[in-house]
Amino acid sequence: MLIIAIILIAGTTAVFMMVGYNPSPTPFPSDSPSKVKGTVWISEIYCNESDSTEFFEIYIPVSFRSDTIENWYFTTFDGEGLIKIPTVSGLRAEVYIAIYSGTGTDDTNASDGTVALHLGLSENLLDPEGDEIGLFDSTGNVIDFMRYSEGNSQVIYSDWSENDDGIACNTGSISLFGNDSDSSNEWMNSVPTPSMPNIYPVYTDSGYIIEIQNGLNQDVIDEGIIDKTALHSNETFKIIKGSGVSADVVKNVTKHIKYSLNFYLKNGFKMGPKTWKNNKFAIIIKKGDTSETVGAASHKGIIWIDLGKMKSDIDLKYVCEHELMHLFQYQTFKQGSDYADHCPTKNKFWIEGQATYWGIESTKANFNLTNKEIQDEFKRVEDHNWYTHYKDINRSLFKGWGGYYDDYIGSYLFSKFLRERYGLENILKIFNSSIDNFANNSKDVDPRDAIAKVLEMSWERIIADYYAWLLTDAITNNGVPERTAHANLTYTNNTVSDSIGVVPEGSGLEKVKINGTKPFSINFGVKPGNHWKITIVYVYKDGSRKQAFNTPFSIIDTVSPWPVNPKNHDKKLDYILIIKTLVKANGTEKINMTITPLEIPSQTNPKVLNENEPEEIQFPPLFNNITDPFDFPWSYWFRLNYSDTLSTPCIAFNMTESYPGGWINFTLIHNGSIVTQISETCDDFPEIMWDPIWLVGDYTLVFTQGNPYTYCRGTVTLTYTPKNGTSFETPEEINVDEVKPLDSNEWDSDSHYYNCTVDNTHRYLFEMNVGSDYIGSADWFMELYHPGNPTPLLTTQGVYLLNEWPRYLEIPIEGEPEYNPEQQYIIRVVYIGDGTGNISLSHQPISGDSPSNPLWHTIDTTEYFGVSLPYTITHGVSVFINSTVVIGQNYSLFFNTTESVFGHVWTGSSWVDFSYSPTDYWFNVTITAETDVICIEIFPDAAESVVHYIWSYVL
């Protein structure tokens, strides 16, 4: 039977003394703070009237300076008085002392961080309906005090507020998360963890349970990547014990992890995270020694987090999300009879890059942050960030894993590149394709192979594209700072060069400041057998940048130089970045680079084009490189002089090699005005010749690419040919109704030649006039020739007096001796004296070719026609002959012919047919006129037929 004495002292505090329980004198409890107050806390309460294993827990942090606890007491202020706590030895930082009311085996050695003490009481001390508990030192001074569920007395110690009823503890455990011993702010419901750090359970909508452990009381060796079959692939890491964090941090971690879990599942990572048991995974969080928050993930389904010294909820959230992605990668699945996960061991750039990328994306989405805002925060807390880390891209990021912040940022940016360039769907395909088979390495799928297969591109091209993106879109669209150049050159229209070493799958970055205006070529020299990818990036004065078209391009042994034309860019070119990626080599290799000015005929320095001296042209100036649109168009400028008026310059571009799809623009300029502008395709390597109207003087000739895909080579040559009209062999063509100007002062020759083509259905007439100012001083004449025969057929010389104008020359018709069956003629204008004028060719139908244009026969006469039949080669049919008659009279028509003829006579109402095969070459037809004009139509039987005479009389 317990005898309890109650001693009342001044004030409201009741002091309890349990008589007969403690053999030694017990101190009086005092509200005076103990010397160790603030370094020791009551950390957990487990109260359950139906459970005989009730306990409360004392937490000994790193700030506690003794290795022993001796003569400490506690009480629940329910009449039991101060109860002495057994002595505990071997104390060190992070010790959790569980004090049970009942019986059990004691563990008083704290060297392992755990202590279990049993009081052997037959009844529970902790009231589930509410209670207080106080902890006192050997002198009775208060060490710590707490209340839960409104307590069951009015006892208050330490600085606990009378209005603070404490956290409810209906069943199970409540725990302290943090070091606030004077209020319930950092107490939360928890999982019972006697002698161990406290755990806060989190229940999610997706069915996962997350247990957040606050602090660690002993060092732990854990496993990250596991691959028993791969040498050096098992990844172990050591976690150093440490103090827990505040309740606010635990609550934030709760929110962060729930958000990111849902975020990952919604983004297509359907397999979920690796769990350690019963759909649970654990987060163990403690205070760290670095300014930033750091973490690790275990293949057992555990996340470890060391909270950074610099307070940053953004950084904390990112680390949570980063490590959670590792659990998604660690999630195992059956592959045949084996187990596998999506965490391949051969190269960690993919594992850490994905974790970093998705951790940042989840953090951005949750907090609505920009890229800059999150990177600014990372820099502030000294976590990995793109301002400070991976500035040097000459790093074997993809060939191995250094584990430095440079590697994390480089891998993150690579994952960001893949997502932005190829989309989420392909990212998930790559994630699901990258496999680590636990039992058989031959079934592993390296992430590089998975990326190349999903994207249907070579790995070499992918990493070259990544470096190109890093220096273009990553900067302009994402705000990523520019990477550090390994060499800096300045181009001032002079040759410059350098040499740098590059590691396999890394990139050497060259920065060339453009202070010159001349076009230049970038030339590369490499060791034979090595494989390089070269990317050109143009950076302009306004800060914009563009990746050069058709880059990256490959260098294996040799490559054509890359041409650049600064003046052709539509914006002022500031500098050029040359990214040199060593995609295949056994070790570090050197690459040489030389920038050489290109001496191309330009607008300011055109080349003289001399007669019969071919000049080379290449588009672009370094053949086999497709022109970059920013350098387009490349041009070649020439100048020439024309003074020989009897000859015409001819410009021929003979293409010796070209590729389909391109064309060339040709422009001829005289006195600042465009004379001719032509575009010609390059598809068939033609010889292109231009023949404009030339005026005496200087000319500029420009050849320009028609599109950026024009690349060809050939020669341009200037030749001279006699001008049309200057000789019998090169006449100028004249057409019917065309008027040609004449000027005796324009030619060095005394004559001008024209050619024409006629037909035998018309009579053609040349008419030549001289201006009124020249009548009397110009006595010009015309001569007619058959082509190929320089003997004149007809001439107007001597036919006209000096002032008789115009002058005419009629082209012979069929039957005339000068007639040309080919119906082609040359007319020569001969200048005697000075003058200006014109010559024209006109025509009119030949009589007899139609009823409306007939020949006329006078009745009662004999007339000779001598008309060859058929009358016209073109029509090939008839001759029409009309006669005026008296209506009602009878007429007889006699014909004399060389051959049989056929025809008919129109009487006014009908045609009277006739035909005749003469023996004496005469025949006749008699008619009665029913009209005043009759018409005779004769159509011959043979081409040789000729009507010689028609004789008629009135009957």
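This is a predicted model: local features need pLDDT of at least 70, side-chain atom pairs count only at pLDDT 80 or more; totals for chains, interfaces and linings use all residues.
**Entry on Asn214.** I began with Asn214, which I found in strand β17, covering residues 209-214. I then looked up its accessibility: with a relative accessible area of 5%, Asn214 counts as buried, because the cut-off for that word is under 20%. Its side chain reaches the backbone nitrogen of Val245 at 2.6 Å, and when I left aside neighbours within four places in sequence, the residues in contact with Asn214 included Tyr96, Phe177, Asn198, Val245 and Ile285.

**Entry on Ser173.** Next I turned to Ser173, which belongs to strand β14, residues 173-176, and which is buried at a relative accessible area of 2%. I noted a polar contact of 2.6 Å between the side chains of Ser173 and Glu44, and I also noted that a polar atom of the Ser173 side chain lies 3.4 Å from the backbone oxygen of Ile45. Not counting residues up to four places away in sequence, Ser173 touches several others, among them Tyr46, Met188 and Pro192.

**Entry on helix α6.** Last I looked up α6, residues 447-455, where the buried residues are Pro447, Ala450, Ile451, Ala452, Val454 and Leu455. I asked myself what covers the buried residues of α6, and found that the cover includes α3 (348-367), α5 (405-433) and α7 (459-470). At the start of α6, I saw that a side-chain oxygen of Asp446 comes to within 2.7 Å of the backbone nitrogen of Arg448, while just after the helix Glu456 takes a positive phi of about 55°.

Note on methods: Residues are numbered from 1 along each chain as its sequence is written. Side-chain values use heavy atoms; hydrogens and water are left out. Helices (H or I, at least four residues) and strands (E, at least two) are DSSP runs, numbered from the N terminus. Buried means under 20% relative accessible area, exposed over 50%, partly exposed in between (1.4 Å probe, protein chains only). A polar contact is a pair of N or O atoms within 3.5 Å; within protein, one must be able to donate a hydrogen and the other to accept it, and residues adjacent in sequence count only if both atoms are side-chain atoms. Contact means heavy atoms within 4.5 Å.
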